[in-house]
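This report covers selected elements of one protein model. The sequence and structure are shown first.

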Amino acid sequence: MISFESDYIAGAHPKVLQRLLETNMEPLSGYGNDIYCASAQKKIRAACACPTAEVYFLAGGTQTNAVVISSMLQSYEGAIAAKTGHVSTHEAGAIEHTGHKVLALAQKDGKIVPAVLRQYLKTFYADENRDHMVFPGMVYISHPTEYGTLYSKNELTEISQICAEYEIPLFLDGARLGYGLMSRQTDVTLADIAALCDVFYIGGTKVGALCGEAVVFTKNNTPKHFMTTIKQNGALLAKGRVLGIQFDALFTDNLYFKISQHAVEMAEKLKSIFKEKGYHFYLESPTNQQFIILENREMEYLKTQVAFSFWEKLDDMHTVVRFATSWSTTEEDLEHLKEILSLC
């Protein structure tokens, strides 16, 4: 059985594990107040070309989204997100659990369309009953999106400008950020994201770490007592070194970007295999997630040979499934998949 189920099916990249082992017996201060967290923060600031950025480490994506969103919103505010956005669909109501509504917008290929966002905000503030409504307090996007698609620099710039006009922050969920940055089809850099977003996070869990996300506030806008808020939400690791050491390793010698590039290259080869076999794609993803349309009976057979993720029902006869690549995907995995598909 081979697996393309997700990009965190393997533990951690060997170089990350090596650094954890090498530093294992060092006595270090807790809660992120150690030399490795400080080193990782410095390297992330340099990679973002944002020397004044404030960087915090949390363990997982849902946790990070909930803590960042709840700490930046007033009690009467909600977060605007695409209807297919991660916080709208696959976080079990975590944002709502903090007392904030997700304000879902129509989307295109998983993305918020700037014109739709502008119209939503314009309509809200033209409504004379708005004082009785949930106010839009921020815009949440993910890059890549739930469908592996990417915002262009022009789209990000326009969304950023709209947010500035309405004085609300732009928050970018970067759980799979590396794969977006290393896509062959992107014109967005990490420095662009730091310049255009008020806060974002660099995903480690899905890009080579055992666990961990690095939250980056870029505009001297960190919520007051943010570390205390992290603690209050049960998200502050006593052994903060575990996260700092991993990100220090990921941002040494461009490892984070090399890992991501490998996954994208594997995804492009995977895409070619499916196209050569005549399969249809739900949409064109330029990142490590590929969404294939399978006839239901064929899907049931493939389940016995290879692991992949259910995504959504297309119709009574067909299902959209996801194949994901990562740092651990090998050429041998792809060859094995090719052999399996030749028997279908």
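What follows describes a sheet, the helices around it and one leucine, all in a predicted model.

Four strands make up an open sheet with antiparallel pairing, in the order β11-β12-β15-β14. Because β11 (280-281) and β14 (309-313) each have a single partner strand, they stand at the edges, and one side of each has no neighbour in the sheet. β11 is joined to β12 (residues 289-295) by two bridges, and the two strands run antiparallel. In this pairing, histidine 280 is opposite isoleucine 293 of β12. Helix α12 (residues 255-276) packs on the sheet and touches β11, β12 and β15 (318-324), with its direction at about 20° to that of β12.

α12 also meets helix α14 (residues 331-342): their axes come within 10 Å and cross at roughly 15°. The angle makes α12 roughly parallel to α14. Their crossing is right-handed. The residues that meet are listed by helix.

| Helix | Residues in the contact |
|---|---|
| α12 | Met266, Lys269, Leu270, Ile273, Phe274, Glu276 |
| α14 | Glu331, Leu334, Leu337, Lys338, Leu341 |

By class, the residues of this contact are seven nonpolar, four charged and no polar.

Leucine 250 belongs to helix α11 (residues 241-250). Is leucine 250 buried or exposed? Its relative accessible area is 0%, so leucine 250 is buried. Leaving aside residues up to four places away in sequence, leucine 250 touches Val16, Gly204, Val207, Gly208, Ala209, Leu255, Tyr256 and Ile259. Leucine 196 is 54 residues from leucine 250 in sequence, and the C-alpha to C-alpha distance is 23 Å.

Notes. Residues numbered from 1 in each chain as written. Predicted model: local features only at pLDDT ≥ 70, side-chain atom pairs only at ≥ 80, totals over all residues. Heavy atoms only, no water. Pairing = 2+ DSSP bridges. Contact = heavy atoms within 4.5 Å. Axes fitted to C-alpha atoms, helices over the stretch in contact; angles between N-to-C directions. Buried < 20%, exposed > 50% of the residue type's maximum accessible area, 1.4 Å probe, protein only. Parallel < 35°, antiparallel > 145°, perpendicular 65-115°, else oblique. Left-handed = near helix turned anticlockwise from the far one by under 90°. Nonpolar A, V, L, I, M, F, W, Y, C, P; charged D, E, K, R; others polar.
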